[in-house]
Structures are given as C-alpha cells and as structure tokens.
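Me: Hi! Could you walk me through this one while I have it open?
Reply: Happy to, here it is.

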Amino acid sequence: MTDPDSEDFTEAVAVIGMAGRFPGARNLDEFWRNLRDGVETVRRFSDEEMLAEGMDPATLAHPSFVPVGAILDDV
C-alpha cells in the first residue's frame with residue numbers, strides 16, 4: 001500500500017463511478033444522506049403482518065426472532 005504522504009501513487013486506486021439501491025434510498029446520494037443523518041432504513045413488522053405473510057406462530061414467538069426487514073422499493 002502506498003504511503004498517503006508519498007508522491008508515488010503507482011498503487012493508487014480511483015473510484016470513477018458507483019451506483020446502488022438500498023433500503024430507504026433510491027441512489028447513492030440518498031444512501032449517504034441517510035447514513036449522515038442517522039436515518040433508520042429497516043422496518044419492524046407487527047405480529048399481524050408476519051402472520052398474514054404465513055409466518056409460523058412458533059417462530060414468531062421464539063425469543064431470538066426479530067421481525068425486522070430491509071425493503072427495496074420498486075423491485
């Protein structure tokens with residue numbers, strides 16, 4: 001790895017483009033804004049929602065089960 005204070009950048013890497021879709025963000029600008037602002041982009045589901053989707057009640061009642069998901073819009 002190159003010393004950042006060195007003038008020799010033969011091993012430097014330049015990121016010239018990036019794209020992505022993330023829960024609560026349609027693009028990277030929104031993603032970074034969410035990170036900066038501490039926006040929570042996962043969603044907690046109610047017991048009723050989980051049961052309506054076919055969740056096994058025993059799984060829902062398990063103490064280690066966390067009814068949380070990250071949803072991508074317009075997939």
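Reply: Let's begin with a term: a salt bridge here is a side-chain nitrogen of Lys or Arg within 4 Å of a carboxyl oxygen of Asp or Glu. Keep in mind that this is a predicted model, where local features need pLDDT of at least 70, side-chain atom pairs count only at pLDDT 80 or more, and totals for chains, interfaces and linings use all residues. Residues are numbered from 1 along each chain as its sequence is written, and side-chain values use heavy atoms, with hydrogens and water left out.

Me: Thanks! How many salt bridges does a search of the whole structure find?
Reply: The search finds three. In one of them, the side chains of Arg26 and Glu30 meet, at 2.5 Å from N to O.

Me: Why would such side chains pair at all?
Reply: In general, side chains of opposite charge can pair when their charged atoms come close.

Me: And Glu30, is that buried or exposed?
Reply: Glu30 counts as buried because its relative accessibility is 15%. The cut-offs are under 20% relative accessible area for buried and over 50% for exposed, with partly exposed in between (1.4 Å probe, protein chains only). Arg26 has 62% relative accessibility, so Arg26 counts as exposed.

Me: Which residue forms a salt bridge with Asp37?
Reply: That's Arg36, with the closest N and O atoms 2.9 Å apart. The two side chains also make a polar contact, again listed at 2.9 Å. A polar contact is a pair of N or O atoms within 3.5 Å; within protein, one must be able to donate a hydrogen and the other to accept it, and residues adjacent in sequence count only if both atoms are side-chain atoms.

Me: How accessible are Arg36 and Asp37, then?
Reply: Arg36 is exposed because its relative accessible area is 62%. Asp37 is partly exposed, at 46%.

Me: What does Arg43 form a salt bridge with?
Reply: With Glu49, and the closest N and O atoms are 2.5 Å apart. Arg43 is partly exposed, with a relative accessible area of 38%, and Glu49 is partly exposed too, at 30%.

Me: New topic, aromatics. How many aromatic pairs turn up in a search of the whole structure?
Reply: Two. Phe22 and Phe31 form a stacked pair, 4.1 Å centre to centre with 25° between the planes. Phe31 and Trp32 form an edge-to-face pair, with 5.1 Å between centres and 65° between the planes. For the cut-offs, rings of Phe, Tyr and Trp (its six-membered ring) pair if their centres lie within 6.5 Å; planes under 30 degrees apart count as stacked, over 60 as edge-to-face and the rest as tilted.

Me: Which residues form the aromatic cluster?
Reply: Phe22, Phe31 and Trp32 form one cluster. Phe22 counts as partly exposed, at 25% relative accessibility, and Phe31 is partly exposed at 23%.

Me: Where does Trp32 lie?
Reply: Trp32 lies in helix α1, residues 28-37, and Arg36 is in helix α1 as well. A helix here is a DSSP run (H or I, at least four residues), numbered from the N terminus. Trp32 counts as partly exposed because its relative accessibility is 48%.

Note on methods: Helices (H or I, at least four residues) and strands (E, at least two) are DSSP runs, numbered from the N terminus.
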